[in-house]
Amino acid sequence: MVDAPYILEMRGITKRFPGVIALDDVTLRVREGEIHSICGENGAGKSTLMKVLSGVYGYGTYEGDIVWEGEVARFRDIRQSEASGIVIIHQELALIPELSIAENIFLGNEPRTPFGSIDWSAVRLRARELLTRVGLRDDPDTQIKTIGVGKQQLVEIAKALNKNVKLLILDEPTAALNENDSQHLLGLIRDLRDKGVTSIMISHKLNEIEAISNSITIIRDGHTVESLDVKADGVDEDRIIRGMVGRVLENRFPSHDGSGIGEVFFEVRDWTVQHPLTAERLVAKHSNFTVRRGEVVGFAGLMGAGRTELAMSIFGQSYGTVLSGQVFKDGEEIKLPNVSAAIKHGLAYVSEDRKALGLNLLDDIKTSVVSAKLSKIAPGGVVDELQEHSIADAYRKELRIKTPTVDEGVGKLSGGNQQKVVLAKWMFTDPDLLILDEPTRGIDVGAKTEIYGIIRKLAESGAGVILISSELPELLGVADRIYTIFEGTITSEISAKDANPETLMKSMTSDKNKKDAA
Amino acid sequence: MTDTAAAPKKSGGIRDLGKMFGGGQSSVRQFGILGALVAIIIIFQVLTGGKTLEPGNVINIVNQNAYVLILAIGMVMVIIAGHIDLSVGSVAAFTGIIVAIAMNRGGVPWWLGVLIGLGIGALVGAWQGFWVAYVGVPAFIVTLAGMLVFRGLNQFVGNSTTEPIKDDVFLQIGGGYLPDPNLGIAYNVPTLVLGLVAAVFVIVNEFRMRARQRKVGAESAPLWVSIVKVVLLSAVIIVAAFLFAGGRVGTSFPIPGIILVALVIIYAFVTNNTVTGRHIYSVGGNWHAAELSGVKIKRINFFVMMNMSILAAVAGMVFISRSVSSGPGDGTSWELDAIAAVFIGGAAVSGGIGTVIGSIVGGLVIAVLNNGLQLLGVSSDKVQIIKGLVLLLAVGIDVLSKRSGGRSLISRFSRPKKVSAADENMTYPLNRPLVEPDGSSAEQSSRPSSTTPNA
């Protein structure tokens with residue numbers, strides 16, 4: 001294997017977005033016929049790198065070279081990269097639910113009869129062939145929506161095989177699969193390797209990576225940290241974790257000694273939530289947690305672990321269906337059937353996706369700031385614009401939102417300043433419990449530090465804060481206490497002082513209790 | 001802070017003029033469409049040799065278009081919330097026939113007739129609002145059904161015949177004028193008084209607003225802009241007052257115009273200054289964010305649909321009063337005129353953007369165009385073609401100039417030169433790109449978005 005030539009080399013790839021460098025001089029070398037895994041925390045740049053490779057970010061939008069089969073490739077879009085044999089399968093599958101398996105496999109690529117119409121017999125025949133290759137025995141005429149996610153994943157691979165794939169990129173292929181389906185899929189990827197298909201796999205499940213990969217490239221904060229040969233370097237999960245989280249913790253967090261922490265005032269018991277579309281999938285399983293006054297509680301977990309789902313389902317049942325559970329505040333049970341009830345009870349939720357869920361980008365700053373509790377400045381239903389302006393302006397000064405005036409549209413602000421507007425919006429509701437979901441995602445370091453300061457200040461003023469974050473240094477630096485969540489289950493609770501990235505990552509990637517029990 | 005604060009000042013005049021409309025995000029578009037209205041008026045004034053701005057014609061324009069403009073008020077709120085209402089013409093006709101029959105055959109007094117009409121509008125609106133807000137059927141479908149159902153009901157109830165209206169008071173609603181005290185002046189005095197009051201109100205309001213803005217340190221337009229604005233506006237009002245007052249004896253500012261102006265003032269206030277108004281914009285702008293801010297989306301959707309039907313009922317009553325009868329073909333294609341007015345007036349098809357005033361200006365553009373072409377003797381087939389192209393052009397220019405997150409044509413001249421990186425990269429929630437700068441969020445965001453929709 002070591003002797004096989006490199007089929008792909010990405011040399012010195014740098015990708016900039018306005019205000020952010022997503023990839024900085026990243027190098028990736030993949031040998032022909034291997035399974036190469038890319039590891040890194042959320043936001044490290046894995047997906048961006050794959051988008052550069054597959055032409056989603058076309059040639060010219062990045063710096064550096066992609067050398068594919070010995071020649072510099074200049075993919076301008078996905079079509080061109082696919083024509084060269086590079087096929088990417090995204091985490092969110094790109095299948096059309098209403099169409100059949102066969103129709104999906106040949107979508108955009110339909111075999112034609114001499115008259116130009118679709119050759120349906122050829123479609124079925126070749127579909128059956130491809131399905132056999134991926135080990136799927138379903139009828140090609142079955143509608144996609146009637147088969148499970150595991151099988152859908154296989155259909156995606158069949159679709160890729162139809163395109164004569166040489167390099168298959170799988171982004172979190174097993175994230176939505178159960179154990180059985182995952183094993184089957186991994187087996188298939190191995191089979192394909194033996195038949196000469198090279199694969200790049202992105203996964204958070206380190207045990208899978210360890211089991212299947214020939215080599216691993218670790219990315220952190222947009223930089224290549226290291227490339228490892230699994231066998232030669234004797235790589236195990238701990239080794240990968242060390243590379244992913246790094247050892248250097250910069251001193252960019254506000255100091256806190258836990259002195260202002262009061263009594264438990266908020267408690268969730270036995271909280272179980274069902275996925276809105278897939279009834280058998282539970283996104284939160286019998287979760288229990290508490291928050292004290294003046295405390296910042298961290299929720300650690302990988303993407304898809306169910307942190308957002310847990311938070312949103314508590315915040316006025318904004319997600320899924322709550323099957324069981326109770327919420328207590330100041331010792332009394334409270335009911336939160338909708339968002340306005342949650343706001344009335346002093347809850348606030350700052351969404352991880354500010355553009356889609358946090359802000360109306362058509363609004364100006366002052367309108368956004370007061371939007372979650374308009375009643376406060378609207379006696380008799382008429383908005384007091386004098387107050388609106390002065391309140392928004394006070395927040396502008398307090399949070400140092402960089403804008404000439406609060407009459408400016410929020411869509412024109414940078415990510416960090418938009419996030420400050422969202423924070424102001426929820427501070428304006430006078431929350432007792434502030435849930436912050438990835439509050440620093442996509443924000444530059446300077447603004448991050450400011451936001452950490454705001455979070456600590458809020459806690460010091462007596463509010464409880466839940467901090468959901470994928471950045472372990474952030475959790476360790478800001479939180480007082482951390483819960484880890486894995487696949488909807490709270491797997492551990494640990495004081496931030498006693499925690500380190502390695503132990504956290506362990507509880508985030510497996511359920512120790514479950515293993516012990518089994 | 002200080003360096004960016006200095007930037008807007010450099011751009012000067014045109015941007016400041018945009019503030020005449022409050023300086024909001026859609027004010028620039030409205031500024032453009034108001035300019036178009038003025039241009040059209042001037043063009044037709046020249047082409048018709050002065051007939052366009054004759055008192056009789058101006059009164060005529062108001063009378064002929066009041067009901068469509070009333071519909072446009074409700075329609076813009078529906079469109080801001082992200083819906084559409086195709087049923088307004090049928091609802092107006094259905095209300096009309098019932099009110100006509102109730103008064104004519106049932107001997108109901110005029111005021112009860114009006115109340116019955118409003119009640120019908122409310123019931124119809126509740127029916128359609130229920131389907132849109134609580135069942136989750138798209139408004140396009142619900143109101144397409146309503147268009148058929150209420151047209152049919154109009155013809156069923158009225159037996160497809162025309163019902164005359166005889167009540168003198170009711171006939172004033174659509175055909176009446178301000179009283180003429182006959183003081184021996186060539187002008188109608190109440191109309192002039194009304195104009196004067198309006199002009200004073202405009203002036204006082206502008207300077208009160210400036211005082212308030214100063215008090216809170218808000219950005220306010222330069223003084224000269226305010227003065228130009230006030231002088232222009234009050235001049236237009238006074239000239240208009242003289243026009244309306246100077247018509248044939250017995251005519252003055254028409255009652256439908258008064259109903260229209262009253263509704264415009266009320267609804268401009270509701271949309272701009274009340275919690276309900278804010279919520280309508282937020283639902284249309286980004287209903288996910290609105291829901292997570294505690295806005296009761298269903299209630300808002302129900303309200304805008306119901307409100308639309310009530311205004312359709314008002315329009316229907318104004319119309320039957322003006323035409324002295326209610327017939328089976330009343331209100332045909334009104335919905336299209338109202339929708340066109342709203343979009344010409346700067347509303348966005350995707351919701352979240354639009355104003356009552358803008359829609360009225362948009363409606364007036366169509367009205368003056370219609371009227372001018374008729375005065376010129378252009379046949380109705382050509383009038384339709386021209387109206388269609390004007391709609392396409394008005395919205396097309398706007399779409400083209402904002403393509404792929406770019407800035408609108410007008411705002412390119414009127415906004416500060418300095419563009420922040422975020423501005424260029426800005427995307428509206430409805431057409432978010434597949435790929436987000438911060439790599440991971442695109443995949444993850446689809447998860448919370450898949451919560452149960454506002455159905």
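Predicted model: local features only at pLDDT ≥ 70, side-chain atom pairs only at ≥ 80, totals over all residues.
What is the order of the strands in the open sheet of 6 strands in chain A? The first view answers that, and the others move on through both chains. Residues are numbered from 1 along each chain as its sequence is written, while chains are lettered from A and ligands numbered from 1 in the order in which they are written.

**View 1. The open sheet of chain A.** Reading across, the strands run β16-β17-β18-β13-β19-β20 (chain A), and their pairing is mixed. At the edges sit β16 (347-350) and β20 (489-495) of chain A, each of which pairs on one side only. From one strand to the next, the twist averages 20°. Strands here are DSSP runs (E, at least two residues), helices are H or I runs of at least four, and both are numbered from the N terminus; two strands pair if DSSP finds at least two bridges between them.

View 2. Strands β13 (residues 296-301) and β19 (residues 481-486) of chain A pair in the parallel sense, over 5 bridges. Helix α17 (residues 501-509) of chain A lies across β13, β19 and β20 of chain A and runs at about 35° to β19(A). That angle is between N-to-C directions, on a scale from 0 to 180 degrees, with axes fitted to C-alpha atoms and, for helices, over the stretch in contact.

**View 3. β14 of chain A and its two antiparallel partners.** On one hand, β11 (residues 264-274) and β14 (residues 321-329) of chain A pair in the antiparallel sense over 7 bridges, with V322(A) in β14(A) as the bridge partner of V273(A). On the other, β14(A) pairs with β15 (residues 332-334) of chain A, again antiparallel, over 3 bridges. There, K329(A) stands opposite E332(A) in β15(A). The hairpin of β14(A) and β15(A) has 2 residues between the strands, and D330(A) takes a positive phi near 50° in it.

**View 4. Two loop residues of chain A with positive phi.** Most residues other than glycine have a negative phi. D330(A), in the loop between β14 and β15 of chain A, is not a glycine and still has a positive value near 50°. Because D330(A) has 14 other C-beta atoms within 10 Å, this residue is partly exposed. E69(A) has a positive phi of about 50° and is not a glycine either; look for E69(A) in the loop between β4 (63-68) and β5 (71-73) of chain A. E69(A) counts as partly exposed because it has 14 C-beta neighbours inside 10 Å. The cut-offs, with C-beta atoms placed from the backbone, are 20 or more others within 10 Å for buried, 12 or fewer for exposed, and partly exposed in between.

View 5. V62(B) is found in helix α4 (residues 55-80) of chain B. Why is V62(B) counted as buried? Because there are 22 C-beta neighbours inside 10 Å of V62(B). Leaving out residues up to four places away in sequence, V62(B) touches P254(B), P256(B) and G257(B); contact is taken as C-beta atoms, placed from the backbone, lying within 7 Å. V62(B) and G257(B) are 195 residues apart in sequence, yet their C-alpha atoms are 6.1 Å apart.

View 6. Chain B is divided into domain 1 (22-176 + 254-423) and domain 2 (178-253), with bounds from an automatic or database domain assignment. Their C-alpha centres lie 24 Å apart. The contact takes 8 residues from domain 1 of chain B and 7 residues from domain 2 of chain B. On the domain 1 side, the elements giving two or more residues are α4 and α11 (255-273) of chain B, and α4(B) has the largest share, 4 residues. The residues on that side divide into 6 nonpolar, 2 polar and no charged (Ala, Val, Leu, Ile, Met, Phe, Trp, Tyr, Cys and Pro count as nonpolar, Asp, Glu, Lys and Arg as charged, and the others, Gly among them, as polar).

**View 7. A mostly covered helix of chain B.** In helix α15 (residues 334-344) of chain B, 10 of the 11 residues are buried, among them W334(B), F343(B) and I344(B). Just after α15(B), G346(B) takes a positive phi of about 100°.

Definitions and conventions:
Contact = placed C-beta atoms within 7 Å.
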